[in-house]
Amino acid sequence: MAEWLRSGLQIRAPRFDSGRGLQPPHFRRVFAGDTNTKNACAFIRLDRKSSVFSGFSQSQANRHVSAGFVGIVLAPKIDTNKVPQRGIEPGINMPTAPLTQTKIEQLKPQPKPYKVSDGGGLHLLVNPNGSKLLRLSYRHGGKQKTLALGAYDPKANGLIEARAAREAAKKALKEGRDPGRVAVTMDSSETFERIGRRWYRHKEARWNRKYADIVLKRLETYVFPHIGDMPIGSVRKSDVLAVLRKIEDRGIIETAHRVREYIGGIFRFSDDDNVIDPTPALKGRLKPAPRPVHHKSLKRDEIGDFLAKLRASKCEPQTRSAILFTILTAARTGEAIGAQWDEFENLRHPSKALWRIPGERMKEGREHIVPLSPQALAIVKELQAQRGLGSYVFPGRGGHGAMSNNTMIFHCYAMGYRNKTTMHGWRGSFSTIANESGLWAPDVIELCLAHVSGSEVRRAYNSAEHLPKRRELLQWWADELDKLHGSATWHEGLFG
């Protein structure tokens, strides 16, 4: 009973009447300690306005109990051996100890939302749908308010972050400010990992899933274990250099340069003017990154022979179609084999036919539009005639999932092109031949390859402005392949 009275539970009581006292008068004393010692009872003060008995906080109760006398309790007759199931005012169920990650994981949803306190107004709201939301209750300007601190996430928005926000809110209240109207965090005192995870969540939506996973794994492997617990404002240039040196020592120089970029992005993401990015000063301190190895590609005078061999080769029509479609669209292997039927539009109108690849499948995380030349459209229509029940244009064995990532390149090897070209190398052939022609602006060529640069506005502008030019370029590329093969029908009749 003592634990219950000191826990902060609220008990509904009859409305207080200053003339007649509490109504009805069926109350008795409830003792917190030894029931034979009236001086050991716990005190619950009466809030006349709401007619609710509110328990002391844990620290207050402990202080009064240690003094030997707390006060007298007036409460309805209840079983003192049980926590009452009726009369509990919906409020904060204060535990006898602060929350822990284990306790939170064990909290199960109930038919109605309920709160579990961490102390100091900080509590977790558990909803019937299972969501767990961090909230901070406080009073400002004579009003009770609640500050939403986001959904509970043990890695990115857990108890450490919530408690830091609570302390910042207390500081704001002492200064007379409303925490709900000011930032409740101070970046310079927040840990590098907390800011880093917020930076990651901010950038994640712009990346495809594969690249986002790579970035997070690098941060969790190379960065957070070493400087993650440090306040971001105290991370020095030497700390960052030590992190990068460890990566260098493993022989992965390119990764060290990438991680330097991530760390710089995290520093610049902070809103605190006191946080300064030290990574520019590290330029030149790392070993030079190895020169990129370009994918092997065919020269213009080698393409006709390749196309002839491909046409005559013995392979599944689906494989031949995938190779030709990838070449005609200048797409990446993963983008081509992952194509789904609902990504294609206006197939009945050759001048408007296009392939709209969603951002989550693109390397840059942005939607990419590929205008279809009549040659590419012919392949799509032939595949459509052979379509099964699946959603993939190039299904895998048995019609399940997408075609294997190695199917196309292995067939090129079988044709004798090992160490001579790769499927990705065809993008290089396209770029080289288009640039050497002098007919196309570099921006148009780069957009066909889904290479983007510049500001967000510039990217959006390019995508819309150059779409007709991109259609012309891909049509020119298809016509060039016709010339190099020596036939305008080399892409037809792929299924016999």
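I looked up lysine 170 to begin with. Lysine 170 is partly exposed, with a relative accessible area of 38%. I noted the cut-offs: buried is under 20% relative accessible area, exposed is over 50%, and partly exposed lies in between (1.4 Å probe, protein chains only). The model is predicted, so I kept its limits in mind: local features need pLDDT of at least 70, side-chain atom pairs count only at pLDDT 80 or more, and totals for chains, interfaces and linings use all residues. Residues are numbered from 1 along each chain as its sequence is written, and side-chain values use heavy atoms, with hydrogens and water left out.

**Salt bridges**

What does lysine 170 meet in a salt bridge? I found the side chain of glutamate 167, at 3.7 Å, N to O. A salt bridge here is a side-chain nitrogen of Lys or Arg within 4 Å of a carboxyl oxygen of Asp or Glu. Glutamate 167 is partly exposed too, at 43% relative accessible area. Helices (H or I, at least four residues) and strands (E, at least two) are DSSP runs, numbered from the N terminus.

Next I checked aspartate 118. Its side chain meets that of arginine 163 in a salt bridge of 2.7 Å, N to O. Aspartate 118 lies in strand E9 (residues 114-119) and arginine 163 in helix H4 (residues 159-174), so the pair ties together parts 45 residues apart in sequence. Aspartate 118 is buried, at 8%. Arginine 163 counts as partly exposed, at 25%. I then traced a network of salt bridges linking Asp118, Arg163, Arg166, Glu167 and Lys170. My search of the whole structure gave 24 salt bridges.

**Rings**

I counted 15 aromatic pairs in the structure. Rings of Phe, Tyr and Trp (its six-membered ring) pair if their centres lie within 6.5 Å; planes under 30 degrees apart are stacked, over 60 edge-to-face, and the rest tilted. Tryptophan 199 and tryptophan 207 form an edge-to-face pair, 5.9 Å centre to centre with 70° between the planes. Ring pairs link Trp199, Tyr200, Trp207, Tyr211 and Tyr262 into a cluster.

Phenylalanine 410 and tyrosine 413 form a tilted pair: 6.1 Å centre to centre, 35° between the planes. Both sit in helix H13 (residues 407-414), three residues apart, so about one helical turn separates them. What sits over the ring of tyrosine 413? I found the charged end of arginine 418, 4.1 Å from the ring centre. The rule is NZ of Lys or CZ of Arg within 6 Å of the ring centre and within 35 degrees of the ring normal.

**Strands and cores**

I followed strand E14 (residues 354-357). Two bridges join strand E13 (residues 344-345) to E14, and the two run antiparallel. Strands pair if DSSP finds at least two bridges between them. Phenylalanine 344 stands opposite tryptophan 355 in E14. Four bridges join E14 to strand E15 (residues 368-371), also antiparallel.

Phe344 and Trp355 came up again in the largest nonpolar core, which has 54 residues; they are among those that touch the most other members. Such a core is a set of buried Ala, Val, Leu, Ile, Met, Phe, Trp, Tyr and Cys residues joined through side-chain atoms within 4.5 Å. A second, separate core of 28 residues includes Phe224, Val243, Val259 and Ile266.
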